[in-house]
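Keep the model open and follow along.

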Amino acid sequence: MDCQHDAGSGDDEGTAWTVPLGILLGLTASIGINIGNNLQALGLQQQQQLETEQKTRTFKIGTATFALASIINFGAFGFAPASVLAPLESIQFVTNLLFARFVRNEEVTRRMVLGVTMICSGTILSIVFGPNQVAKFGVDDLKRFWTAVPWLGYLAFIGTSAAACQAVHRVYEESAAAGLYRFRDELVRPATFALSSALAGSMCVVQAKGMSELVEIVFTDGLGAVLGDWYFWVNLLLLGIFLFIWLSRLNAALGKYDPLFIIPLLQSNYILFSTLSGGAAIRPPTYPREFHSVASLSPPAPHCLPSPPPPPP
């Protein structure tokens, strides 16, 4: 099976609603994911205050919200280009700020508001000027993308980078546990944790896009066209592995760092490398032509990040 076409190239009426639906699903999912993260963090805070190891109701509601939103986010890939959906993740910065202000009653600075304004502007631009068609591929197409030399080189790069960041993070963690303060500890520890986590999380986008293509093939050509091919099982396995790593690291981050600081840091890295992995810098494995547009018009704005906690005396 070797078929590649742009959904809607021959049926504009059939695709007039798909991209707006995908955008709506993506926005809903991103907001839900962030609310879920914040509820989990709030639940962990309540758990510490109660001095109990039992997960609180708030944490369980947050986990359920996060899981449901993640499923919706997966479904969005079948309706809209990933180059549009990736920048939409930045709406989480807005949600994070509103949650901090109205639920946690934390201070919101002018710099944060400026950052949120920039994010909203960039997100609108990426939707308006992004592609309005969804590239579709067959199983053979998906396999062929994985043999591209630039993609293999990119995989080696992010694998090496993730390992290096995790190694630095471990050294800083061990020093902190021993009561030693290393250079810019308050920045290096969360930054290396977020970067190594996001590099794994960005692979979820690639696998999710590939899986959405395979699911669509099931509806058009039947289960046999997909289940009988090794690519489906490898894709499913990789999606499960990277999803587990990303979710476990998110959960760990909420217990280690201030949510108002670590969630934007995680999401900014996640959006950046999801876009790169999808093909802003290289031709990606699953959707090369979708990213030949302004996929990165909504870059992470540093203004929305609060200052990290001060170093110990």
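**Rings, helices and a core**

W246 is buried, and so is Y270, where buried means under 20% relative accessible area, exposed over 50% and partly exposed in between, with a 1.4 Å probe and protein chains only. Before going further, note that this is a predicted model: local features need pLDDT of at least 70, side-chain atom pairs count only at pLDDT 80 or more, and totals for chains, interfaces and linings use all residues. Residues are numbered from 1 along each chain as its sequence is written, and side-chain values use heavy atoms, with hydrogens and water left out.

Let's stay with aromatics for a moment. A pair of aromatic rings is described by the distance of the centres and the angle of the planes. Here, rings of Phe, Tyr and Trp (its six-membered ring) pair if their centres lie within 6.5 Å; planes under 30 degrees apart count as stacked, over 60 as edge-to-face and the rest as tilted. Searching the whole structure turns up seven aromatic pairs. One of them joins W230 and Y231: the ring centres are 6.2 Å apart and the planes sit at 75°, so this pair is edge-to-face. These two residues get quite separate labels for accessibility: W230 counts as exposed at 54%, whereas Y231 counts as buried at 5%. Now back to W246 and Y270, whose ring centres are 4.8 Å apart with planes at 10°, so they are stacked. This pair links distant parts of the chain, with W246 in helix 11 (residues 230-256) and Y270 in helix 12 (residues 259-280), 24 residues apart. Helices (H or I, at least four residues) and strands (E, at least two) are DSSP runs, numbered from the N terminus.

There's also an aromatic cluster to look at, made up of W146, W151, Y154 and F157. And two arginines lie over ring faces: R101 over F102, at 5.5 Å from the ring centre, and R182 over Y172, at 6.0 Å from the ring centre. The rule for a charge over a ring is that NZ of Lys or CZ of Arg is within 6 Å of the ring centre and within 35 degrees of the ring normal.

Zoom out and you'll find 12 helices and two strands in the chain. Along the sequence they run β-α-α-α-α-α-α-β-α-α-α-α-α-α. Of the 313 residues, 49% count as buried.

How do helices 8 and 9 cross? The axes of helix 8 (residues 149-177) and helix 9 (residues 185-221) come within 8 Å and cross at roughly 150°; axes are lines fitted to C-alpha atoms, for helices over the stretch in contact, and angles run from 0 to 180 degrees between N-to-C directions. Helix 8 passes helix 9 in a left-handed crossing, a label used if the near helix is turned anticlockwise from the far one by less than a right angle, with right-handed for clockwise. Their contact has 15 nonpolar, five polar and three charged residues.

Of its 52 residues, L214, W246, I262 and L266 touch the most other members. Elements giving two or more residues include helix 2 (18-50), helix 3 (57-76), helix 11 and helix 12. The largest share, 12 residues, comes from helix 9.

S90, in the loop between helix 4 and helix 5 (91-102), is buried with a relative accessible area of 1%. S90 and Q267 are 177 residues apart in sequence and 7.4 Å apart in space, C-alpha to C-alpha. In the loop between helix 5 and helix 6 (110-129) you'll find N105, which has a positive phi of about 55° although it is not a glycine. N105 is exposed, with a relative accessible area of 60%. R184, in the loop between helix 8 and helix 9, has a positive phi as well, near 50°, in a residue other than glycine. At 38% relative accessibility, R184 counts as partly exposed.

Definitions and conventions
Ala, Val, Leu, Ile, Met, Phe, Trp, Tyr, Cys and Pro count as nonpolar, Asp, Glu, Lys and Arg as charged, and the others, Gly among them, as polar. A nonpolar core is a set of buried Ala, Val, Leu, Ile, Met, Phe, Trp, Tyr and Cys residues joined through side-chain atoms within 4.5 Å.
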